[in-house]
Amino acid sequence: MKLSILVNEGPYQHQSADSAIQFTKAALAKGHEIFRVFFYHDGVNNGTRFAVPPQDDRNITEEWTKLAKENDLDLVICIAAAQRRGILDENEAKRQGKDGDNIAEGFRISGLGQLIEAGIQSDRLVIFGD
Amino acid sequence: MPMLHTVNKSPFERRTLDTALRHAVKGSGVLLIEDAVYAAFEGTVVAEKVRAALGDLKIYVLGPDIAARGMSEKQVIDGLEVVDYGGFVDLVTEYDKVQSWL
């Protein structure tokens, strides 16, 4: 089955980012297709490569990056939510006149249309958030 | 329409379990994840409400989130089904739609 995931909560905020990762792993293990993972609201904070959690803690962003690399996942960050929270890729940094970008490998920045498309194209949309 | 409702907040913190139980029609499933697993245990003020809902609804609870809170599956109300993440995925595919009460 074709599934998409919506993550509305930041990492280390409560548990939803962790739940979303565990659910995505379990769905892939069962042979389902993950059409897209969309990060909205504080969920965009899952996609900064500048976060450095303590070494004995899980690194949620790295887990997403690894999962995306191994399974060719489409991790999409909402552009408006990202701009509010200082999540930038190279293009956006240039466009906004900022001195650097911080998006993690495996993520891309795009618009809400990508969420709508995921809802239309997927058999199920599962939402994780606060 | 019967569907899967997921609840992720403790019933002692928010009212989303009540909302989900009120909206879920006969034949629906309710899956308790994250802090909502506290609704699944015997001996709380919400236990009777959960037990009463079992007539029309199937109620599931995520086992790893019980363990993560140092609770035991032995304390879970009779009639609730404990599932793992694989079971969560199966429920999502078995029901036509998923409504996440956040």
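The side chain of A:Asn46 lies 2.9 Å from the backbone oxygen of A:Gly43 in this predicted model, a polar contact being a pair of N or O atoms within 3.5 Å, in which, within protein, one must be able to donate a hydrogen and the other to accept it, and residues adjacent in sequence count only if both atoms are side-chain atoms. A:Asn46 belongs to the loop between strand 2 (33–39) and helix 2 (60–71) of chain A; helices (H or I, at least four residues) and strands (E, at least two) are DSSP runs, numbered from the N terminus. The relative accessible area of A:Asn46 is 0%, so the residue is buried (under 20%; exposed is over 50%, partly exposed in between; 1.4 Å probe, protein chains only). Residues in contact with A:Asn46, beyond four places in sequence, include A:Val7, A:Glu9, A:Pro11, A:Phe39 and A:Trp64 (contact: heavy atoms within 4.5 Å).

The model is predicted, with local features requiring pLDDT of at least 70 and side-chain atom pairs pLDDT 80 or more, while totals for chains, interfaces and linings use all residues. Residues are numbered from 1 along each chain as its sequence is written, chains are lettered from A and ligands numbered from 1 in the order in which they are written, and side-chain values use heavy atoms, without hydrogens and water.

A:Trp64 is among the residues that touch the most other members of the largest nonpolar core, which has 47 residues; A:Ile5, A:Phe23, A:Ile77 and B:Phe88 are the others. Such a core is a set of buried Ala, Val, Leu, Ile, Met, Phe, Trp, Tyr and Cys residues joined through side-chain atoms within 4.5 Å. Helix 1 of chain A gives the largest share of this core, six residues. A separate core of 24 residues includes B:Leu17 and B:Ile66.

Between the chains, 20 residues of chain A contact 21 residues of chain B. About 1600 Å² is buried between chain A and chain B, 58% of it from carbon and sulfur atoms (accessible area, 1.4 Å probe, lost by two parts on being put together, summed over both). On the side of chain A, A:Gln15, A:Phe23 and A:Arg124 lose the most area to chain B, together 30% of what that side buries. Three salt bridges are counted between the chains (a side-chain nitrogen of Lys or Arg within 4 Å of a carboxyl oxygen of Asp or Glu). B:Arg14 and A:Asp130 form a salt bridge at 3.9 Å, N to O.
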